[in-house]
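Open your viewer and keep the selection panel handy. We will take this stop by stop.

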Amino acid sequence: MVDELAVLRDQIDEVDQQLVALFAKRLKLVAGVGEVKSRQGVPIYAPDREAAMLAKRRADAEAQGVPPDLIEDVLRRAMRESYASEKETGFKCMQPTLGKVVVVGGAGQLGGLFAQLLTLSGYTVEILEKDGWDQAEALLSGAGLVVVAVPIDQTVAVIERLPTLDERCILVDLTSIKAEPLAAMLKAHQGPVLGLHPMFGPDVSSLAKQVIIYSEGRGSEQYEWLLAQMRIWGARLQVVNAEEHDQAMSLVQALRHFTSFAYGAHLCAEQADLSQLLRLSSPIYRLELAMVGRLFAQDPVLYADIILSSPRNLEMIRRYHTHFGELLTQLEQGKREAFVEQFATVSEFFGDYADIFLKESRNLLAQANDSRIS
């Protein structure tokens, strides 16, 4: 029996080696695709092409008795690697006559990422940091694009400190709030103004499928090329006015970060045995714990600034606290039916999204379970 198992395992190893060789071949082809896209200015992420390809491969898999979900999982992971490798060939420059780009705060992580992407796109990029303000006027002179990428609590002050820019220069910020920085830029600069909020961290391997929110300020026809440039990088652009953006971010960022912080702080206060929790956890709790733990592996100042960036955020957290207390009171009073009714109300509120999220979470949970080591 042992010999028979060994033979089968050897055959599996041989197939796995063939798979590695095929993936190596695929990556070489992807490099060629990246070169063509770079020359032609084609976005690295093509959603229609991706959807059509996955549909065909799922059909091929089903015809051969292979689970379609397996093939889709493998291909999506391969495509993620492909998107990361495609950027190594650079990107087409959408505004070759722009002149230099200055990234204020470009030595920081997010500013550095944008400086890198702009450099890969063929632009001349210079960095302005806080110790170089005595040279700011000379450095910013003749700039075609100025990107402000400094901490939230410093953004408006930095914008107000900028010397007079050329009226053709595009002034952009990367802050996670939009109303106040956008107003400051419009006041400080008479030329085109654009507010950006990248909805990702600086550790992403590629901008493929990453969301960048933009709020229009002034001179949209003059910064349209920049939006096109970010699409070439693979980003998905979402336009929203500054006030609506800040309202949404109270839920998407401030409340979400605070609840993760509060849960982590409670685990710490309870001196929970994290290794035991991981051993005993279901995939969904492991994933939730991973997202909480991820918060505490990052810069605390950044999250404090996000949460404290607007009184609106604290008002949202206060309403959450009040609602939390009301629901807890129901449970303390043993109102089981009230809980069930509230659950049904929320379920109706989510509507079709509940089933969509159920499907998406199944994929995430399967991946989390596949990668567990403890």
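How many cavities of 30 Å³ or more does a search of the whole structure find? It finds three. Keep in mind that this is a predicted model.

**Stop 1: the largest cavity.** Select Ser176, Ile177, Asp246, Met249, Ser250, Gln253, Ala254, Ile306, Ser309, Ser310, Arg312 and Asn313. These residues line the largest cavity, which has a volume of about 60 Å³. Now show helix H9 (242-269) and helix H13 (311-332): each supplies at least two residues of this lining. H9 gives the largest share, five residues. Colour the lining by type and you get four nonpolar, six polar and two charged residues.

**Stop 2: the second largest cavity.** Its volume is about 50 Å³. Select its lining, which includes Phe114, Leu145, Leu226 and Trp233. Helix H4 (109-120), strand S3 (145-148) and H8 each supply at least two lining residues. What kinds of residue make up this lining: nonpolar, polar or charged? The count is 10 nonpolar, no polar and no charged.

Stop 3: Strand S6 (residues 211-218) and strand S7 (residues 236-239) run parallel, joined by four bridges. Zoom in on Ile212, which stands opposite Leu237 in S7.

**Stop 4: helix H14.** Select residues 336-350. At 1.5 Å a residue, these 15 residues should span 21 Å; the end C-alpha atoms are 21 Å apart, so the two agree. Step just past H14 to Gly351, where phi is positive, about 55°.

Key:
Residues numbered from 1 in each chain as written. Predicted model: local features only at pLDDT ≥ 70, side-chain atom pairs only at ≥ 80, totals over all residues. Heavy atoms only, no water. Expected span 1.5 Å × (residues − 1). Pairing = 2+ DSSP bridges. 1 Å grid on protein atoms, 1.4 Å probe; cavity = no way out; pocket = protein on both sides within 12 Å on 5 of 7 lines; lining within 4 Å. Points joined across faces, edges and corners; volume = space filled by probe spheres on them. Nonpolar A, V, L, I, M, F, W, Y, C, P; charged D, E, K, R; others polar.
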